[in-house]
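Thanks for coming, everyone. Please bring up the model on your screens, and we will walk through it together.

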Amino acid sequence: MSRRMRTYFYAVLGAIGGLIGWQVSDVLGLSFTSNLYASEAVVGALVGLCIGLFIGITEGLMTLNPIQALKAGGFSGLLGLVAGAIGLPLSEFLFQSVGAGYFGRALGWGVFGLLIGLAEGVVGKSQIWKGMLGGLIGGALGGVLLEAVHNLLKDPLTGKASGLVLLGASVGAFISLIVVLLSRAWLEVTSGKLKGTEFILDKFMHAGGPAIAIGSSALKSEIVLPDPDIAPQHAMLTGDGKQFTVKDMSMSGTFINNKKIELARLANGQKIRMGNTEMVYHDKR
């Protein structure tokens with residue numbers, strides 16, 4: 001998907017995670033203890049697990065990469081569990097101690113979103129701080145929306161469900177939106193099964209950083225293109241802080257602007273062809 005559609009899908013999956021988190025906590029009841037903060041920690045953990053899981057799998061689903069979806073979903077779900085267990089009791093504590101309803105929710109769920117963004121930055125292809133910033137903004141805004149809807153709707157169950165849907169959507173949308181707005185380099189797939197998909201490369205741009213493999217195998221490559229004419233590990237991208245160098249590692253060849261290359265530096269707007277898949281390299285500096 002394009003970078004714009006990426007934000008849409010992150011919001012939708014985050015909203016689904018919030019809805020499922022509400023449903024799970026509602027079904028279980030969670031009235032096993034009279035301690036308010038213990039109950040809030042468990043509810044927050046369940047909600048965080050669900051939102052984190054669904055936001056985590058989004059990138060893998062969009063790029064048809066089930067291994068990335070499982071890896072990212074599991075890691076993001078675990079961090080979401082921890083984040084929710086911290087965020088909800090924290091916001092409740094602030095509310096109970098100083099009556100800071102909106103401020104407390106914003107701060108508590110801002111911490112939650114920040115940790116979800118951390119997980120997305122670690123397993124995704126964007127710089128970690130961008131995911132954390134987006135998660136912090138989305139969590140804070142989502143916390144305010146959650147409190148507003150909860151106060152607006154008379155039915156507490158409906159208010160909670162609507163609030164958690166808005167919270168999940170806000171966290172997911174802003175994690176993606178900040179990454180997209182601040183992205184400096186990306187590959188746009190212009191033909192093949194993933195036509196329209198864009199892979200953000202910022203995380204790999206800095207000098208001395210890890211190289212990134214492009215290929216057809218999810219086990220051997222970070223950017224996976226489902227094309228039978230592309231080798232499992234077809235080419236390598238290496239950043240030097242300013243631009244990328246692409247190195248062919250295949251038998252069938254890598255082509256830049258229809259010229260077969262072994263090693264070449266990428267420039268903005270160049271077309272890269274591997275197998276039956278074509279991509280365009282973009283950078284903005």
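Start with K193. This residue is exposed, with a relative accessible area of 66%. Exposed means over 50% relative accessible area, buried means under 20%, and partly exposed is in between, using a 1.4 Å probe and protein chains only. K193 sits in the loop between β1 and β2. Helices here are DSSP runs of H or I with at least four residues, strands are runs of E with at least two, and both are numbered from the N terminus. Now look across to D240. The C-alpha atoms of K193 and D240 are separated by 30 Å, and the two residues are 47 apart along the chain.

A word on the ground rules. This is a predicted model, so local features need pLDDT of at least 70, side-chain atom pairs count only at pLDDT 80 or more, and totals for chains, interfaces and linings use all residues. Residues are numbered from 1 along each chain as its sequence is written, and side-chain values use heavy atoms, with hydrogens and water left out.

Next, the strands on either side of that loop. β1 and β2 pair in the antiparallel sense over 3 bridges. To count as a pair, two strands need at least two bridges found by DSSP.

What is the order of its 6 strands? It runs β2-β1-β11-β10-β7-β8, and this is an open sheet with antiparallel pairing. β2 (198-200) and β8 (259-261) stand at the edges. Each has a single partner strand, so one side of each is left without a neighbour in the sheet. Neighbouring strands are turned by 30° against each other on average, direction ignored. Axes for this are lines fitted to C-alpha atoms, for helices over the stretch in contact, and angles run from 0 to 180 degrees between N-to-C directions.

The largest nonpolar core has 25 residues. A nonpolar core is a set of buried Ala, Val, Leu, Ile, Met, Phe, Trp, Tyr and Cys residues joined through side-chain atoms within 4.5 Å. Those with the most contacts inside this core include L187, F244 and Y281. The largest share, 3 residues, comes from β1. Apart from this core lies another, of 19 residues, among them M62, L115, A161 and L164.

On to the rings. How many aromatic pairs are there? The count comes to 3. Rings of Phe, Tyr and Trp (its six-membered ring) pair if their centres lie within 6.5 Å; planes under 30 degrees apart are stacked, over 60 edge-to-face, and the rest tilted. W109 and F112 are edge-to-face, 5.0 Å centre to centre, with 85° between the planes. They are 3 residues apart in helix α4 (residues 101-123), so about one helical turn separates them. W109 is buried at 2% relative accessible area, and F112 is buried at 0%.

F244 and Y281 are edge-to-face too: 6.2 Å centre to centre, 80° between the planes. F244 lies in strand β6 and Y281 in strand β11, so this pair ties together parts 37 residues apart in sequence. Both are buried.

Last stop, S170. It is found in helix α6 (residues 156-181). Is S170 buried or exposed? S170 is buried, with a relative accessible area of 7%. Not counting residues up to four places away in sequence, S170 touches G138, L141 and G142. Contact means heavy atoms within 4.5 Å.
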